[in-house]
Amino acid sequence: MTLTLDKGDNLSLTKTDPGLQKALVGLGWDARTTNGDAFDLDASALLVGTNGKVRSDADFIFYNQKSDAAGSVVHQGDNRTGAGDGDDEQIIVDLTKVPADVDKVVIVVSMHGTPANGQNFGQVRNSYVRIENTETGTEVVRYDLGEELSRENSAVFAEIYRYNGEWKFKAVGQGYTDGLGGVARDFGVNI
């Protein structure tokens, strides 16, 4: 049985699924019908230290830099259309390989080409992030993003973080109006 969280909720992944070592982070969305440009949403991840910043630009994982040096976070490829059911993009987080000086893995979804093309999450529906145990195929937790992000074009969907020796999941839902660049700058990526 999948646990569904609301914005701001936390869940102990360690207690909910004690055998979880490799987490598939699935992200999905459906574009509303428009007569403008096609939608291309992109998933990315940031490995962040206790200071709230990446250790280096190599900790920004996305479709052009698919893995960190430790192989702990691996992007599974770019889906440019979002067509079809299920996850549109996936990232694998191997909790056993996340470097000790990484406090959390921040999961981001952004709209490609924004803010120039004027697209925003108000034009997208059924956005979600979910965690699945890759070994068992069991969905552990899910966060369905509501309609609260109507003007934003990128968002921190969730965080997987360490707390008192446990791995936890937080449903964040924090939007940005200045594209992926705004998110990257906030976490210390040089762009």
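Okay, let's start at a turn: strands E11 and E12 make a hairpin with two residues between them, and Asn164 in that turn has a positive phi of about 50°.

Quick housekeeping before we go on. This is a predicted model, so local features need pLDDT of at least 70 and side-chain atom pairs count only at pLDDT 80 or more, while totals for chains, interfaces and linings use all residues. Residues are numbered from 1 along each chain as its sequence is written, and side-chain values use heavy atoms, with hydrogens and water left out.

E11 covers residues 154–163 and E12 covers 166–176. The two strands pair in the antiparallel sense over nine bridges; to count as paired, DSSP has to find at least two bridges between two strands.

Buried here means under 20% relative accessible area, exposed means over 50%, and partly exposed is in between, using a 1.4 Å probe and protein chains only.

Now slide over to E8, residues 104–111, where eight of eight residues are buried. E8 pairs with E11 in the antiparallel sense over seven bridges, and Lys104 stands opposite Tyr161 in E11. E8 also pairs with E4, residues 41–48, again antiparallel, over eight bridges. In that pairing, Leu46 has Val106 as its bridge partner in E8.

Which way do the side chains of E8 point? Lys104, Val106, Val108 and Ser110 go one way, Val105, Ile107, Val109 and Met111 go the other, and all are buried.

Let's zoom in on Val105. It's buried, with a relative accessible area of 0%. Setting aside residues up to four places away in sequence, Val105 touches Ala45, Leu46, Val73, Val93, Ala158, Glu159 and Ile160; a contact means heavy atoms within 4.5 Å. Val105 and Val73 are 32 residues apart in sequence, yet their C-alpha atoms are 8.4 Å apart in space.

Next, the cores. A nonpolar core is a set of buried Ala, Val, Leu, Ile, Met, Phe, Trp, Tyr and Cys residues joined through side-chain atoms within 4.5 Å. The largest one has 40 residues, and Leu13, Ile131, Ile160 and Phe169 have the most contacts inside it. Strands supplying at least two residues each to this core include E4, E8, E11 and E12. There's also a second, separate core of 14 residues, including Leu46, Val106, Val156 and Val172. In soluble globular proteins, nonpolar side chains tend to be buried together.

Then there's helix H2, residues 179–186, whose buried residues are Gly179, Gly182, Val183 and Ala184. What covers those? E4, E8, E11 and E12 are among the elements that do. After H2 comes Gly188, with a positive phi near 85°.

On to Leu24, in strand E3. Leu24 counts as buried because its relative accessibility is 9%.

Asp59 lies in the loop between E4 and strand E5, and a polar contact of 2.8 Å joins its side chain to that of Arg55. A polar contact is a pair of N or O atoms within 3.5 Å; within protein, one must be able to donate a hydrogen and the other to accept it, and residues adjacent in sequence count only if both atoms are side-chain atoms.

Last stop: Arg142 lies over the face of Tyr128, at 4.0 Å from the ring centre. For that call, NZ of Lys or CZ of Arg must be within 6 Å of the ring centre and within 35 degrees of the ring normal.

Conventions:
Helices (H or I, at least four residues) and strands (E, at least two) are DSSP runs, numbered from the N terminus.
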